[in-house]
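Take a look at the model below. The walk starts on its surface and then widens to the whole chain.

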Amino acid sequence: MNGLQKHNPMVGIGLVILAGLLVTTMNMFVKFAGETYGPVEIVFYRGLVILSVLIPAIVLTGKTHLLKTRNPKIHFQRSLMGTISVLLVYWSYILMPMADATALLMLSGLIVTGLSMPLLGEKVGPIRWGAVVSGFCGALFLIKPTGDGFIQMTSFIPLIGAFTIAGVALYLRGMSNKEQPIATIVYFMIFSTVACAIYLLFTASIRVTHVGFIFIIFIALFAAAQQFAKTYANQFAEASSLSPYGYLTLVWAVFYDVVLWNDWPEVNVWIGSAIILTSNFVVIWREHKLKNT
């Protein structure tokens, strides 16, 4: 890739918007697959499909050396966190409207900011702390703390999922200059598939239906496609300039809710989502300003 291609923000923005649409479409298929399978089954079958393509591709292209690692412990920790995270994310979309789950999972960006100080030693000032607090206030507004949403466990699954997403992001940040990305992906897929297989064997709940498995294949395809789109987007433009466009996933989620399930978000969802989005944008703006300074 030449220098001109590496500095083409419009291409990067287009790819990150595409990645958001792909990942939201993947979650839409998760919601459909959830009518047949549980989250553990979906993650298990997704892993089988992806590994059946990924491993042969690595072997045939002679890239097996990229799987070498000097720190298997960090891969284990990242894979454990990632497996818990993807299970909670899929569970959230199975149980909740897509817009609600997407908005609550967006708290992960604010959680990364809050945890970067104690875990990574980064300085977080009052503006960003204010944005973090504001974002969680938006989450409380979204789940209606005085109504049924606060009592139901479904409201807390995406909140816990947001923390695990933040945990994965912090692991990846620490591994970015030390481990090959393909190794991180492969070890995560192997771990999540094996862990889910063990659980399913003990619960005797492995089953295959034709329609359900078609959804699994689409989940795997869209998961791989969005990963490529996101990876190449970061080669064309800086992550800080791409971040705002990633939040368009909320738009796609609302679109699928309305078109496929005729489910319009309630007023509290619109207001809570707006607060969470605004808080994320404040963090992005402040980090960009500090970086330039």
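**A nonpolar patch and its chain**

Helix H10 gives the most to the nonpolar patch, with four residues. This is a predicted model, in which local features need pLDDT of at least 70, side-chain atom pairs count only at pLDDT 80 or more, and totals for chains, interfaces and linings use all residues. Residues are numbered from 1 along each chain as its sequence is written, and side-chain values use heavy atoms, with hydrogens and water left out.

The patch sits on the surface and consists of Ile55, Val59, Ile190, Val194, Ile198 and Phe202. Together they have about 570 Å² of accessible area (Shrake-Rupley method, 1.4 Å probe; for residues, only the protein chains shown count as cover). Patch residues have over 30% relative accessible area and no salt bridge; nonpolar side chains (Val, Leu, Ile, Met, Phe, Trp, Tyr) are joined within 5 Å, like charges within 9 Å. A salt bridge is a side-chain nitrogen of Lys or Arg within 4 Å of a carboxyl oxygen of Asp or Glu.

Helix H3 (39–60) and helix H10 (181–203) each supply at least two of the patch residues. Helices are DSSP runs (H or I, at least four residues), and strands are runs of E (at least two), numbered from the N terminus. Isoleucine 190 lies in H10. Its relative accessibility is 36%, so isoleucine 190 counts as partly exposed (buried is under 20%, exposed over 50%, partly exposed in between; 1.4 Å probe, protein chains only).

Now the whole chain. It has 14 helices and zero strands. Of its 293 residues, 43% count as buried. The chain exposes about 15,300 Å², with 70% supplied by carbon and sulfur atoms.
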